[in-house]
Amino acid sequence: MNKQLLCLKKINKSFDRLHILKDITLDIKDGEFLTLLGPPGCGKTTMLRCIAGLESIDSGDILLNGELIKDLPATKRNVNTVFQNYALFPPLNVYDNIAYGPRIKKSLNEDEIKKRVTEMLELVQMSGYEERMADQLSGGQRQRIAIARALINKPDILLLDEPLGALDLKLRKYMQTELAHLQKQMKTTFIYVTHDQEEALNMSDRIVIM
């Protein structure tokens, strides 16, 4: 049985007197693909941003691997996020986009970065695209590079905020299968946000209704 990786305890978050998250308590297991499902405005993205450290919580606790992280800045949490717009850096090619994280953190030397980038490109089936610029990629390719860039740092948790929302229907269904396969291969915990019930059912080990 997989161990408990992330624990949310009575999380509360308000904006301008609007209580978005109210006493949210949730345990997430190591290696789980968990989806937050609900309509726009229900607090899915806010919850993701609180886990990532991009939003502070008003009250409650967030524990990762048993350690309290609610007061840690986003850069100190071993959690990475993939956004709907992918947020690739236009001036950089694919290789430099993926290598950006470990270079900034200075966690790997250039030989190690080269090896890790090669591994990530193989993982997302994008080998040979190292020199391609971000604006020369299709939507599905940009999404894969964004995931590779997030996974190169080996996060405990990968947060995905409706990453397929900008894709057409056919590509979205294909990428659902690819993402689910990738998650099982990496055994990294995914927390995925969507308002699409079919998408949630196709990909998830567990679904949280919000």
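The legends below describe close-up views of a predicted model. Local features need pLDDT of at least 70 and side-chain atom pairs count only at pLDDT 80 or more, while totals for chains, interfaces and linings use all residues. Residues are numbered from 1 along each chain as its sequence is written, and side-chain values use heavy atoms, with hydrogens and water left out.

View 1. The largest pocket has a volume of about 580 Å³. A pocket is an open set of points on a 1 Å grid over the protein atoms alone, where a 1.4 Å probe fits, with protein on both sides within 12 Å along at least five of seven lines; the volume is the space filled by probe spheres set on the points. Of the 21 lining residues (an atom within 4 Å of a point), Val79, Asn80, Thr81, Phe83 and Asn153 are the closest to the pocket centre. Strand S6 (79-82), helix H2 (94-105) and helix H4 (139-151) each contribute at least two lining residues; helices (H or I, at least four residues) and strands (E, at least two) are DSSP runs. The lining comprises 13 nonpolar, five polar and three charged residues.

**View 2. The aromatic pair Phe33 and Phe190.** The structure holds three aromatic pairs, defined by ring centres within 6.5 Å, with planes under 30 degrees apart counted as stacked, over 60 as edge-to-face and the rest as tilted. Phe33 and Phe190 have ring centres 5.5 Å apart and planes at 50°, so this pair is tilted. Phe33 belongs to strand S3 (residues 33-37) and Phe190 to strand S8 (residues 189-194), 157 residues apart. Phe33 is buried at 0% relative accessible area, and Phe190 is buried at 0% as well (buried is under 20%, exposed over 50%, partly exposed in between, with a 1.4 Å probe and protein chains only). Ring pairs join Phe33, Phe190 and Tyr192 into a cluster.

View 3. Phe89 and Tyr100 form a tilted pair, 4.6 Å centre to centre with 50° between the planes. Phe89 lies in the loop between S6 and H2 and Tyr100 in helix H2, so the pair ties together parts eleven residues apart in sequence. Phe89 is partly exposed at 29% relative accessibility, and Tyr100 is partly exposed at 35%. Arg149 lies over the face of Phe89, 5.0 Å from the ring centre; the criterion is CZ of Arg or NZ of Lys within 6 Å of the centre and within 35 degrees of the ring normal.

**View 4. Cysteines Cys7 and Cys50.** The structure holds zero disulfides (a pair of cysteine sulfur atoms within 2.5 Å). For Cys7, the nearest cysteine sulfur is that of Cys50, 15 Å away. The sulfur of Cys50 is 13 Å from its closest cysteine sulfur, in Cys42, too far for a bond. Cys7 is buried at 7% relative accessibility, and Cys50 is buried at 3%.

Definitions and conventions: Ala, Val, Leu, Ile, Met, Phe, Trp, Tyr, Cys and Pro count as nonpolar, Asp, Glu, Lys and Arg as charged, and the others, Gly among them, as polar. Rings of Phe, Tyr and Trp (its six-membered ring) pair if their centres lie within 6.5 Å; planes under 30 degrees apart count as stacked, over 60 as edge-to-face and the rest as tilted.
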